[in-house]
Amino acid sequence: MLSCLQIENFTLIDRLELTFGNGLNVLTGETGAGKSIILDAIDIVLGGKVNHRVIRQGSQQSTLEATFSLTPELIAWLESQEIDPLEDNSLTISRELVITNNSLRSRSRINGVVANRQQMAQIRDFLVEITAQGQTVQLMDANRQRELLDLYGGESLLRQREKVATAYVNWQESKNILNNRLQSEQNRLQRLDLLEYQLKELESANLTDADELEQLEQERNRLSHGVDLQNSSYQVYQLLYQNDRDQPAVADLLGKAENILTNMMVYDT
């Protein structure tokens, strides 16, 4: 239940604080007295759409805050969102609207914790039901329609619905188990096909030498470095027999060394 509403710089209102009592609370007044402004403030603080016009003229910021009494459903929802209740066991929702560089920025908080749009949409269903000119907004929701129809059916229908819900959960679990087993079987068959293919490839290769894999790897390395081996062989050839850098080749130096040794043998055999 809404217990307090605080409004600051909202449309025509400078500052206002409303408190509500238990039971029925009625807002009355002439046209233009501001009844719709109060309803708009409740809608916006709970995540409703906003534009620049909702901020009071001459102001750049508007603040709305609503306080609600907690219910078991709200307490369970707050626990699921890891939001702590306040010390007085109440729920406070605030929304700040700020105009910055001609753009409107909005931030919502639940008990002081920043909340996103999804959280605001969820908690809104626990707090308000807006009815206008005989049309209830919640009646447009398919889940709410089914709930009302089931309630109209009475206890016997609700018990049957519970049985159907239990059967549906069991069916979903069985379906998931079956899908997992089918997927596992498919993976096993694919793995088996791969192993059979690899086995056929090995059999057709007719491998007889135990060292053939090592020889093939050496051959692969030799072929993959063919250009490097060719360049290195040419360099060795140049060093041994000819040189493009006007330096004596190794063969020439060996011949020269042989001549020197031959001359030495004349004096020392």
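A salt bridge here is a side-chain nitrogen of Lys or Arg within 4 Å of a carboxyl oxygen of Asp or Glu. With that in hand, let us look around this predicted model, in which local features need a pLDDT of at least 70 and side-chain atom pairs count only at pLDDT 80 or more, while totals for chains, interfaces and linings use all residues. Residues are numbered from 1 along each chain as its sequence is written, and side-chain values use heavy atoms, leaving out hydrogens and water.

**Confidence**

The predictor's confidence in each residue is its pLDDT, from 0 to 100. The protein averages 85, and 94% of the residues score at least 70. Helix α4 (residues 142-205) has the highest confidence, at a mean of 90, and strand β8 (residues 135-136) the lowest, at 54. Helices (H or I, at least four residues) and strands (E, at least two) are DSSP runs, numbered from the N terminus.

**The sheet**

Six strands form an open sheet in the order β2-β1-β3-β4-β5-β6, with antiparallel pairing; two strands pair if DSSP finds at least two bridges between them. Because β2 (13-19) and β6 (113-115) each have a single partner strand, they stand at the edges, and one side of each is left without a neighbour in the sheet. From one strand to the next, the twist averages 15 degrees. Strand β5 (residues 103-110) is joined to β6 by three bridges, and Ile110 has Val113 in β6 as its bridge partner.

Helix α1 (residues 35-45) lies across β1 (2-10), β2, β3 (61-69) and β4 (90-100), at about 100 degrees to β1. Axes are lines fitted to C-alpha atoms, for helices over the stretch in contact (heavy atoms within 4.5 Å), and angles run from 0 to 180 degrees between N-to-C directions.

Beyond its neighbours within four places in sequence, Thr92 contacts residues including Glu65, Leu86 and Arg109.

**Salt bridges**

The structure holds seven salt bridges, among them these:

| Pair | N to O distance |
|---|---|
| Glu96 and Arg109 | 3.3 Å |
| Asp150 and Arg161 | 3.0 Å |
| Glu185 and Arg188 | 2.8 Å |

Glu96 lies in strand β4 and Arg109 in strand β5, so this pair ties together parts that are 13 residues apart in sequence. Glu185 and Arg188 are three residues apart in helix α4, which means about one helical turn separates them.
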